[in-house]
Amino acid sequence: MDIIEGAATSLRSELGQFMTPARIASFMAGMFDELPSEVRLLDAGAGLGALSAAFVRHACKTSPRTRSIRITAVEVDETLTARLEKTLEACAEECVQAGILFQYEILNVDFIQHSAEQVHGFKDAQFNCSILNPPYLKINAGSAARSALRSMRIETTNLYAAFVAVAIKQIEPEGQLVAITPRSFCNGAYFEPFRRLLLAETSVRKVHLFDSRSKAFKDDSVLQENIIFQLSVSASSQEAVQVSFGDDPDRDRTPSRDLAFNEMVLPEDPHKFFRLPVTTEDEALAIRVRMLPNTLKALGVTVSTGRVVDFRTAENLRSDPSDGTVPLLYPMHLKDGVICWPVEGSKKPNALAYNAETRNLTVPSGYYALVKRFSSKEEKRRVVAALFDPNRLNASHIGFENKLNYMHFAGAGLPEDLAKGLVIFLNSTAVDQYFRQFSGHTQVNATDLRNLHYPTIKALQKLGASFGERIPSQEEIDRLIEPLL
């Protein structure tokens, strides 16, 4: 039996685990550098054992110096244990044929809780390799998992980052870890402590990116982009990261390039975003965008998240505008760079009752640059911006729903040409391509917009002058932006 195919399946655990396809498992196993003579492998969230199987296959075929392999497979779901054991028994048979001593143990425990309980015993249970496809679930602030992580001095909001962080703590110096996770940790405030842990305790050696949000797990509903990375557990400095790219990775055919480490994590970046330009053209674009002279702060512009969280003020929502209401804008109202309001027959409300309870949820009417916080899987763009023009809607105040970011001057509108210029700039192909280098999910955070570099006010106002009744075409936008870069 092919142990990799036997272990891989589209079966999805209710615990947030997506089982690793065989081709991905094989590719991940191939990302390890030279293996030690005595391998002690950690496979946490082991599922059916696809990753362990791929690792054993790789070691048997390509690592003549390896004399023994001991696998610790951690899987909390008892319904998978029998299949996992069969996979590891098949691994044992393959190792016998290769002359490699093989041992395994299956721990049917919660990986984080178990590790927290053993935190003082890590030195007695060290590993020198780890291969992971961890679960993708958020961690509630008051949960037992969050408390267990804090006892290990780990701060993160998602199980996938938690699994990687806890595994790092259990790998000996110069040991290796290969993991496939969502790419969302590369940016955003929530994952900053995790990025800092990676940078402090490991060296990032290799990274593989996927073209599509769903190709890595095409049989499951995974809409985030995935990333595979190899870490060396050491605090030694590094100069380059090997970056590869493609939906069907193959170590012999997938193109790769070396990226200077200070291009992946900019020395001056206080948030330590991971930027991953795939080609030399991407890298050149990144340099050009970063040479733009301003941040939003330098422009005097503030970006905020819409104040209206609809379920918290449900009694004030109205399907249609009427006396005593103000416009309420959702992402659905942004279309082709402008606001289309109201949307008749929509499931979402178009208006908000304006009263003492909601007054603080609104802003005074004026010119605003709006940016969707989430792009849908159908949209080609990540950064989608539109102009709120007060002349199009007769209202004294406006409500922006929480899935919108809005740019403003101290809570009020922007000068007309500046707002229009910002919308044109944010809708450029260059900004969208640059944004993709550090964001692998559908969310555009206010922090991302603050960290972006912008042209001068004069250049933005000049751009804004080209915004008439409607935004210029994409071709015209890109032509206008090109001289600024």
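1. Salt bridges. The count comes to 20 salt bridges, a salt bridge being a side-chain nitrogen of Lys or Arg within 4 Å of a carboxyl oxygen of Asp or Glu. The model is predicted, so local features need pLDDT of at least 70 and side-chain atom pairs count only at pLDDT 80 or more, while totals for chains, interfaces and linings use all residues. Residues are numbered from 1 along each chain as its sequence is written, and side-chain values use heavy atoms, with hydrogens and water left out.

2. R183 and E225. These two side chains form a salt bridge at 3.1 Å, N to O. The pair links distant parts of the chain, 42 residues apart: R183 is in the loop between β5 (171–182) and α8 (192–201), and E225 is in the loop between β6 (203–209) and β7 (226–232). Helices (H or I, at least four residues) and strands (E, at least two) are DSSP runs, numbered from the N terminus. R183 counts as buried because its relative accessibility is 4%, and E225 counts as buried at 6%. Buried means under 20% relative accessible area, exposed over 50%, and partly exposed in between, with a 1.4 Å probe and protein chains only.

3. R196 and E192. A salt bridge joins the side chains of R196 and E192 (3.1 Å, N to O). Both residues lie in helix α8, 4 residues apart, about one turn of the helix. R196 is partly exposed, with a relative accessible area of 39%, whereas E192 counts as buried at 18% relative accessibility.

4. R288 and E482. Here the salt bridge is 2.9 Å, N to O. R288 belongs to helix α10 (residues 280–290) and E482 to the segment after α16 (474–481), so the pair ties together parts that are 194 residues apart in sequence. R288 is partly exposed, with a relative accessible area of 28%; E482 is also partly exposed, at 46%.

5. A network. R146, R150 and E155 are linked by salt bridges into a network.

6. Nonpolar cores. In soluble globular proteins, nonpolar side chains tend to be buried together. A nonpolar core is taken as a set of buried Ala, Val, Leu, Ile, Met, Phe, Trp, Tyr and Cys residues joined through side-chain atoms within 4.5 Å. The largest one has 84 residues, and those with the most contacts inside it are V164, L177, F185, L198, I228, F229 and M264. Helix α7 (residues 159–169) gives the most to this core, with 10 residues. A second, separate core has 41 residues, including A286, V371, V383 and L449.

7. Around V164. Which residues is V164 in contact with, leaving aside its neighbours within four places in sequence? They are L132, L177, A179, T181, F194, L198, F229 and L231, where contact means heavy atoms within 4.5 Å.

8. Helices α7 and α8. The two pack at an angle of about 25°, with their axes 11 Å apart. Axes are lines fitted to C-alpha atoms, for helices over the stretch in contact, and angles run from 0 to 180 degrees between N-to-C directions. The helices are therefore roughly parallel to each other, the cut-off for that being under 35 degrees. On the α7 side A161, V164, A165, I168 and K169 take part, meeting F194, L197, L198 and E201 in α8.

9. The chain as a whole. The protein chain has 16 helices and 20 strands. Of its 485 residues, 57% are buried. Among contacts between residues at least 6 apart in sequence, 77% join residues at least 24 apart.

How values were computed:
Parallel < 35°, antiparallel > 145°, perpendicular 65-115°, else oblique.
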